[in-house]
Amino acid sequence: MTREEVFERLTEVFRNVFDDDSIELLETTTSKDIEDWDSFEHINLIVAVEKEFSIKIPMGKVTTMKDVGEMADIILQESVSS
Amino acid sequence: MNHYGYKDLKPGMKMSFDAVLDEEKLNMFRIITGDVNPLHNDRQYAESKGYRDRVVFGMLSASLMSTLAGVYLPGEKSLIQSVESKFIKPVILGDVITVTGEITDMNDTVQRIELKVTMMNDKGEKVLKGKMQVLVNG
């Protein structure tokens, strides 16, 4: 899976979770850029990302990932190892 | 009250309890919510619409989902994240409702369970079905 593919699929996940088809993700996108991305929706996002990519995100990384680029790193890492 | 931690839970685990939605509870719900619709508050009106007594507020029946998660499954360590409910048949004042929750999915990363909820009346008819997402804090 390429990083571009990860971003394409991740964009769909974000659009579904936040019910907003206008979301465009960048490497630097953070919770400050998406109005509804609070701690509550972060849980839904993690669950949706795990389902979409059939991975388990290490618990320690759930709260420490700083932007979407880092989320993509974790997805690529965990996809290889699973 | 149950005190299940996330590790004590498994998909397929089920819990049930019975509840009666009586006149006092209907009246209290009306006071809390301000829903004065006569279908729920006026027996004669409800009878004129074909019901044998006052119809229980759908949201009052659905509120038993709070009890399901908060007291039974998982109990003390629950934090309800979302609730969906469909009202299949009317619940009538005094009906005994059996509430059942079954764990259908679990996410280890965020320690969240999903519950399939069904509520049956004392005639064995399904009156409500729903889904819940509940975080297990511990």
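This is a predicted model: local features need pLDDT of at least 70, side-chain atom pairs count only at pLDDT 80 or more; totals for chains, interfaces and linings use all residues.
Four residues of helix H5 (64-72) in chain B are buried: Leu64(B), Met65(B), Leu68(B) and Ala69(B). Here a residue counts as buried if 20 or more other C-beta atoms lie within 10 Å of its own, as exposed if 12 or fewer do, and as partly exposed in between, with C-beta atoms placed from the backbone. Helices (H or I, at least four residues) and strands (E, at least two) are DSSP runs, numbered from the N terminus.

Residues are numbered from 1 along each chain as its sequence is written, and chains are lettered from A and ligands numbered from 1 in the order in which they are written.

What do the buried residues of H5(B) pack against? Their partners in chain B are strand S1 (14-20), helix H4 (58-62), strand S2 (78-87), strand S3 (96-107), S4 and S5. Take Leu68(B) as an example: neighbours within four places in sequence aside, it is in contact with Leu73(B), Val99(B), Gly101(B) and Val117(B). Two residues are in contact if their C-beta atoms, placed from the backbone, lie within 7 Å.

Leu68(B) and Ala69(B) also belong to the largest nonpolar core, which has 37 residues; together with Leu115(B), Met119(B) and Val134(B), they have the most contacts inside it. Such a core is a set of buried Ala, Val, Leu, Ile, Met, Phe, Trp, Tyr and Cys residues joined through C-beta atoms within 7 Å. At least two of its residues come from each of helix H1 (3-18), helix H2 (39-53) and helix H4 (68-81) of chain A, and likewise from each of H5, strand S4 (112-120) and strand S5 (126-136) of chain B. S5(B) supplies the largest share, six residues. In soluble globular proteins, nonpolar side chains tend to be buried together.

Now to where the chains meet. Eight residues of chain A are in contact with six residues of chain B. On the side of chain A that touches chain B, H2 and helix H3 (59-62) each supply at least two residues, and H2(A) gives the most, with four. That side divides into six nonpolar, no polar and two charged residues; Ala, Val, Leu, Ile, Met, Phe, Trp, Tyr, Cys and Pro count as nonpolar, Asp, Glu, Lys and Arg as charged, and the others, Gly among them, as polar.

Chain A itself has four helices and zero strands. Buried residues make up 16% of its 82 residues, and its C-alpha trace spans about 35 × 25 × 20 Å along the principal axes. In the loop between H1 and H2 of chain A you will find Glu24(A), which is exposed because 10 other C-beta atoms lie within 10 Å. The mean pLDDT (the predictor's confidence in each residue, from 0 to 100) of chain A is 93.

Back in chain B, helix H1 (residues 23-33) has eleven residues and the number buried is zero, so it lies largely in the open. Gly34(B) follows H1(B), and its phi is positive, near 75°.
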